[in-house]
Structure formats: structure tokens, C-alpha cells
Amino acid sequence: MLNFQRIYALFKKEFVEIVRDKRSLVIVFIMPIVMILIYGYAVTFDIKNIDIGIIDRDNSSLSRGYINKIVSSGYFIPYENAYNNMDENIKALRRERIKVIVVIPSDFSFNLKKGKDVKIQYIVDGSIANTAIIGVGYLQVLTSNFANNIKMDFVKSKGINSKKFPYISPEIRVWYNQELKSANFVVPGLIAIIMMLVAALLTSLTIVRERENGTYEEIMSTPVTSAELIIGKLTPYIIIGIIDVLLVTFFGILWFHVPFRGNIVTLLFFSFLFILCALGMGMLMSSIAKKQEEAIMMTFFSTLLPSILLSGFAFPLESMPKAIQVFSYFVPARYFLNVLRSIFLKQDVTILMLYKEALFLMAVSVFFLVVSARVIKKRKI
Amino acid sequence: MKTSKSRILKIFQKEILHIIRGRMLPLLVVAPILQMLVFGYVVTTEIKHISIMVVDRSLSSYSRLLISKFSNVEYFDLKSVSKDKNDIQMALTKGDVKCVLSIPENFEEKIKKGEKTSLQFITDGSNSNVGSAAINYGSIIIYNFSKEIFSDKMRQFGNIIGHIPDITIEERILFNPELKSTDTMIPGIIGLILIIVTMVIASLSLVKEKEYGNIEQLIVTPIKPYELLLGKIIPYIIIGLIDVVFITVAGILMFHVPFRGNILLLLLLSLLAIFVNLGIGTFISTISATQQQAMISAMFFMLPNMLLSGFIFPIKNMPQIIQYITYIMPLRYYIVILRGIFLKGLTFMELLPEVTALFIYGLVVSVLALKKFKKTVG
């Protein structure tokens with residue numbers, strides 16, 4: 001049914017087109033590494049080093065001890081330029097130079113020594129909500145720890161000789177990625193994004209370009225069938241995609257020391273399935289679109305953006321509204337990402353555990369490839 | 001000069017016709033609003049509903065109280081409570097839960113005796129962001145619980161010796177008192193959408209003519225390179241400005257984001273941002289031979305704008321070298337402008353550093369684009 005000579009001819013033609021275009025070669029092979037290098041370091045929600053302005057109206061050993069407790073926690077960096085200057089601190093807060101101002105009242109140590117309650121004021125920039133929530137949370141914990149010591153001293157000074165004060169602390173254990181290295185999380189995700197970019201975007205242009213250049217009619221006048229056309233045109237991209245997977249994987253392992261605890265065969269198997277999905281989607285866009293820019297825009301909005309936004313690559317799916325979460329089930333990258341993170345970071349994961357993902361990816365790629373073959377066939381006439 | 005103006009006008013008319021006749025108009029006007037809708041719900045740095053399993057071997061009123069602290073906040077979704085430590089391995093490996101709180105048998109006993117106790121809090125680090133959020137929230141809950149227990153004990157002493165001093169915190173949260181994540185994200189999303197629309201379109205504008213072979217025809221006419229560029233770009237400036245208004249209004253109506261600044265200042269500074277985006281897009285267009293190249297180059301510039309601009313990930317925590325790279329991202333400056341005007345009502349003078357940066361940026365890319373284009377034409 002399929003004529004392999006014809007497929008090979010198409011394959012060769014497409015391959016030569018890719019290889020001759022130096023920029024696409026750079027994009028296909030250099031950009032993935034650049035992306036890994038940059039994003040491997042950058043993508044972290046970690047909230048540390050929060051800049052804090054200090055207004056210490058008391059300036060006693062007790063208030064300095066309190067400030068020292070905050071600064072030495074490692075979560076806050078004092079903003080020295082505006083020490084004790086409210087106006088400058090507010091300016092810095094507006095300019096996003098600092099996130100919090102702590103105001104210690106002038107009777108801080110006096111009242112505490114007398115056994116009275118004191119209130120410390122925090123002025124917080126809420127414009128970046130996440131930082132503010134975590135920052136305030138830490139400040140509460142640090143303050144209550146500081147207060148505990150004062151209470152204990154006070155109680156002792158009143159003659160109660162108890163050493164027994166309950167204290168509960170978390171003992172944090174992190175599995176699979178002990179140092180919470182963002183590279184361990186980003187590298188698997190980037191594989192999915194890069195493959196979407198390379199596979200879907202490049203293929204989205206293959207047919208429409210022929211159509212714009214007028215070579216499409218020539219191809220259609222040959223005995224090539226639509227299945228042969230699709231296979232011949234897609235194979236080069238499959239090869240490129242697989243090379244990219246290996247490139248990014250090895251780079252992630254060698255440069256960022258991302259662990260690879262799973263099986264390379266599992267990785268290749270799922271990568272192949274995912275490339276098929278991406279190619280199928282790109283191919284469909286290409287056969288529908290009339291112009292290259294349309295194909296690009298359609299592919300961008302229907303494949304690339306969802307892969308970035310709805311796959312769990314950067315934004316946790318759990319915190320999205322339920323309706324949006326439903327959408328995410330239709331995004332192939334979501335499944336592929338699950339698989340990738342499991343293969344890289346969890347050793348005890350087996351193909352059997354991933355059969356749902358495999359079935360879904362297969363179904364999607366078959367669907368898109370069949371539909372695009374249909375569309376191409378129809379358009380032939 | 002008059003003829004120059006009319007030449008620009010002709011190119012302008014041609015480009016406008018091109019936009020209206022093609023299928024691009026809906027993409028330019030409808031897509032941004034759809035994007036606002038999707039981004040608005042999706043793009044959040046707030047991590048909620050982290051699935052958690054509790055292994056409770058204490059089975060005491062204290063352990064139940066602690067568990068209720070975890071199930072009462074929206075940061076955690078309590079999936080299951082188990083008595084068996086061996087369940088931890090399976091639940092984390094299969095990905096059923098992202099973290100596990102393990103309460104030891106002697107938990108109640110130790111609290112009653114007034115001894116120090118530690119609770120194991122195990123997180124799945126494979127998603128480092130969810131992992132670190134779980135640690136942050138989990139630790140804060142556990143420490144607050146500890147504080148409560150401690151205060152109970154203190155109260156007992158208080159009954160004997162009278163009032164015990166305490167330090168309380170009074171928080172004044174400015175600009176976003178309810179700490180809504182949408183208030184943080186929507187202004188940034190406006191900037192991102194503006195980049196997607198303007199930069200991508202501009203990157204295609206010239207290369208399209210090149211690919212169709214129209215550029216030679218244009219060159220033999222008396223049109224000067226800058227006239228061609230201006231005529232081609234002005235329509236997109238207009239569309240960009242319309243989009244800014246659209247997505248700003250959509251953002252305010254759909255997500256109830258406050259707008260505390262000056263709308264004219266926002267439009268003026270958005271014009272500056274559009275100028276920069278279009279400059280970059282046009283530059284990409286001049287150095288690309290095909291639409292495919294232009295598009296992919298634009299895409300590769302857009303992704304870092306999303307990730308390295310402080311839009312999602314705090315720049316402060318990036319390695320120094322990467323922090324230098326963030327200065328190349330126009331969104332880095334525009335986002336400060338947007339958040340500043342929306343939430344803080346900043347004035348022009350307060351935004352001067354960002355305005356200056358964008359202005360210089362725009363000038364440099366425009367000159368580069370024009371030079372490169374002249375060379376191509378020559």
C-alpha cells in the first residue's frame with residue numbers, strides 16, 4: 001500500500017530543506033541547550049532574601065536582639081540605606097526596593113521588662129502576594145520564637161523553676177530531589193516544551209509553505225498518497241526530536257547533575273509517542289491554514305501556549321480553577337511531563353504505572369494524524 | 001516632506017487593508033481577550049491544594065487538632081489519614097500525594113511532659129516549586145501549632161503569677177491588603193499579552209514582503225527605508241494601544257483588579273513599551289529570511305520574557321549572571337510600570353528609571369532595525 005521509495009524521496013527533500021536552513025539548524029540544536037542553561041538556574045519560586053527596612057525606635061539590646069533574630073534567619077536582608085528613616089523606607093517600599101518595613105516601638109524593651117505586652121508593626125508591600133504571604137508567615141514564626149524566650153525568662157524570674165516547655169518543630173525530609181534543585185524540576189519540563197516547539201511549530205509550516213510556494217500542486221499531481229506525504233514529511237522531524245531529547249537529557253545530567261533514575265528505553269518510547277502527538281497537531285494546523293502566519297498563530301495558541309501553561313511545567317495545576325483543570329486533561333504535554341518527571345527523579349516507576357499516559361498519547365497522535373491525512377486528501381481535489 | 005508623509009500613508013493604508021482582509025484581525029483583537037481570560041485563571045504563583053497524607057500514630061486529641069490545622073487551610077488538601085508508616089513510600093512514589101506529615105506515637109506524651117518534639121514532614125521534591133511551597137506552608141502551620149501549645153502552658157503559669165508579656169504583630173499590608181494573587185498577576189499578564197501580539201506581528205511584517213518577493217518592488221519605488229518601516233509599524237502601534245485598553249478593561253472587569261494610578265500615564269508608558277516591542281519585532285524581521293525563522297526567533301525571545309522578567313519568578317533569587325540577562329527583557333521594566341500604576345498609583349517621577357530604560361532600549365533596537373534594513377535594501 002505504502003510506497004517506500006516515494007516516502008524516502010519526500011523524506012530526503014524535507015531533510016535537505018531543514019539542513020540547508022542554517023537558522024533552523026541552530027534553533028533545533030543550539031537553542032535547547034541555551035534554554036536549559038538559563039532556565040535550569042532561573043525557574044524557582046523560592047522566597048528568600050526578602051529586603052526588609054528597619055525602624056528601631058527603641059534601640060536597646062533587646063530590640064537589636066530581635067532584629068538580629070530576623071536577619072540571621074536567612075530569609076531577610078536588612079536595607080541599610082534607610083535605617084530608622086520612615087520616609088525613605090516608604091519610598092523604597094513603593095519602588096519595590098524593599099518588601100517589608102519593621103517598626104519597633106520606642107517602649108519595646110521598657111514594656112517587656114515591666115511585663116507588659118508590646119506590639120511590633122509590619123508594613124508590607126502586598127503587590128506581590130506570594131512573597132508577602134510567605135514573608136509575613138516567617139516573621140510570625142520568628143517573632144513567636146523570640147517571644148517564647150522572653151516568656152520563659154519572665155516565668156523563671158517570677159520563681160517558677162520549670163525547664164519543661166513543649167516545643168514542636170518540623171523535621172523536613174525531601175524525597176527525589178533532596179536539595180530542591182530547580183534544575184531537577186525544569187529539565188524534564190523543558191524537554192516537553194522544546195519538543196513541542198521544534199516538532200509542532202516546524203511541521204505546522206511544512207504543508208502550508210508548499211501551498212504558498214505553489215509546489216503543493218506539483219506534489220499532488222504525483223502519485224504520492226496523503227499517508228505517504230505525511231510519513232515522508234514527518235520522519236525527519238521525528239529524528240530531530242529524538243536527537244533533541246537525548247541532547248537535553250545528557251546536558252541536564254552532565255551539567256546540572258539531574259538524576260536519571262529511570263530507564264532510557266522508557267524515555268525514548270514516551271518521547272516518540274509525544275513527538276507523534278506534536279507532529280500530528282502541527283500537521284493538522286498546516287493542512288488547515290491558508291497562510292504561514294495563520295499556521296504559526298494557530299499552532300502557537302493551540303499547542304505551545306497550553307503546553308507551557310496547562311501542563312504543570314511552571315504553574316501547579318492543583319491551584320487552578322476546576323474548569324481549567326478539566327482543559328488540562330486534553331493537553332498531551334501534561335501527561336508527557338508526568339512521565340518525564342517520574343523517569344528522571346523516581347527510580348521505582350515502571351511502564352505499567354504509566355500505561356494510562358501511554359494510551360492517551362497514542363490515542364491523541366493517531367487522532368491528529370488521521371484527521372490531517374483526511375484534510376489533505378480532501379484539499380487535493 | 002509632504003510627499004514623504006503621503007508615502008508613509010500609502011504603506012499604512014496597504015498594511016491596514018492587509019490586516020482587515022486577512023484572518024489576522026480576530027487574532028489581534030479577540031485573542032488578547034481570550035488570553036486574558038485563560039492567563040488570568042492559570043498564571044498564578046500561589047500554590048494551593050497541595051495533596052497531603054497524614055500518618056497519625058499518636059491518635060490523640062493533639063494529633064487530631066494538628067491535622068485539623070492542615071485540613072482547614074486551602075494550601076493543603078488532606079487526601080488520607082493512615083496509621084501505617086509503610087504507606088508513605090507508595091503514596092509518594094505513585095504521586096497520589098505531594099507531602100506527608102508523620103506524627104509519632106509519643107506525640108501527646110511529649111507535649112504533656114513539656115519536651116521537645118519533632119514531626120517528620122516529607123515532601124516530594126520532584127516538583128521543586130510545589131515541594132518548597134509545601135515546606136513553607138507546612139512549617140508555618142507546625143510552628144504556629146507549637147506556639148499555641150506553648151501559650152497553653154504559659155496560661156497555666158499565668159494563673160499562678162499573673163500576666164505574662166507577649167509580643168504581637170500588627171501587619172499593615174499596603175497595595176493589596178487581601179493578598180490576592182490575581183492583583184499581582186493581571187498587570188503582568190497585560191504586559192505579556194502585549195508582547196505576544198505586537199512583537200510577533202512585527203517580526204512577521206517585513207519578512208512576509210521579503211518572502212513574497214514584494215520587497216524588490218517596494219525598493220524600486222521612491223520610498224525610503226524609514227518611511228516603509230514607519231508605514232508598516234504605525235498600524236500595529238494603533239492595534240497595540242487598542243489592545244492595551246481592551247485587556248486593561250477586561251482585566252479590571254473580569255478579575256476586579258484595582259486601578260489606583262493615572263490611566264493617561266498608563267497609556268503613555270504602554271506606548272513606550274509598544275515602541276520597544278515593535279522595534280524588537282522589526283529587528284527580528286530584518287534579520288530573518290523566512291516567516292518560520294522570524295516566528296521562531298520571536299518565540300525564543302518571548303519565553304525568557306515570561307520567565308526572566310520577574311513576572312512569575314522573583315529575579316532576586318536568580319544567580320547573578322541570570323540577573324544580568326533579565327536586564328535585556330523589556331517586560332522586566334514594563335511589569336514594574338504596570339504593577340506600580342495599577343496597585344500603587346506610582347507617578348511618572350517614581351517610574352523614571354524604568355521609563356529611561358525602555359526609552360533607551362527602544363531607540364537602540366529601532367536604530368539597529370533601520371540600519372540592518374537599509375543594508376538589506378542596499
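Chain B of this predicted model splits into two domains. Domain 1 takes residues 2–43 and 179–377, and domain 2 takes 50–161. The C-alpha centres of these two domains of chain B lie 48 Å apart.

Five strands form an open sheet, in the order β2(A)-β1(A)-β3(A)-β4(A)-β5(B). At the edges stand β2 (76–78) of chain A and β5 (167–174) of chain B. Each has a single partner strand, so one side of each is left without a neighbour in the sheet. From one strand to the next, the twist averages 30°.

Strands of a sheet pair through backbone hydrogen bonds, in parallel or antiparallel fashion. Strand β1 (residues 50–56) of chain A runs parallel to β2(A), and three bridges join them. A:Ile50 has A:Phe76 as its bridge partner in β2(A).

Two helices of chain A pack on this sheet. Helix α5 (residues 86–94) of chain A touches β1, β3 (100–104) and β4 (118–125) of chain A. Its direction makes about 165° with that of β1(A). Helix α7 (residues 129–157) of chain A touches β1, β3 and β4 of chain A, together with β5 of chain B. The direction of α7(A) makes about 165° with that of β5(B).

The axes of α10 (residues 263–287) and α13 (residues 330–344) of chain B come within 11 Å and cross at roughly 170°. An angle over 145 degrees counts as roughly antiparallel, and α10(B) and α13(B) are therefore roughly antiparallel to each other. From α10(B), the contact uses B:Leu265, B:Leu266, B:Leu269, B:Ala273, B:Val276 and B:Asn277. They meet B:Pro330, B:Tyr334, B:Ile337 and B:Ile341 in α13(B). By class, this contact has nine nonpolar residues, one polar and no charged ones.

Finally, look at the backbone in two loops. Most residues other than glycine have a negative phi. A:Asn84 is not a glycine, yet its phi is positive, at about 65°. A:Asn84 lies in the loop between β2 and α5 of chain A. It is exposed, with 12 other C-beta atoms within 10 Å. B:His49 also has a positive phi, near 50°. Its place is in the loop between α2 (24–42) and β1 (50–56) of chain B. B:His49 is partly exposed, because 17 other C-beta atoms lie within 10 Å.

Methods:
Residues are numbered from 1 along each chain as its sequence is written. Chains are lettered from A and ligands numbered from 1 in the order in which they are written. This is a predicted model: local features need pLDDT of at least 70, side-chain atom pairs count only at pLDDT 80 or more; totals for chains, interfaces and linings use all residues. Two strands pair if DSSP finds at least two bridges between them. Helices (H or I, at least four residues) and strands (E, at least two) are DSSP runs, numbered from the N terminus. Axes are lines fitted to C-alpha atoms, for helices over the stretch in contact, and angles run from 0 to 180 degrees between N-to-C directions. Two residues are in contact if their C-beta atoms, placed from the backbone, lie within 7 Å. Angles under 35 degrees count as roughly parallel, over 145 as roughly antiparallel, 65 to 115 as roughly perpendicular and the rest as oblique. Ala, Val, Leu, Ile, Met, Phe, Trp, Tyr, Cys and Pro count as nonpolar, Asp, Glu, Lys and Arg as charged, and the others, Gly among them, as polar. Domain bounds come from an automatic or database domain assignment. A residue is buried if 20 or more other C-beta atoms lie within 10 Å of its own, exposed if 12 or fewer, and partly exposed in between; C-beta atoms are placed from the backbone.
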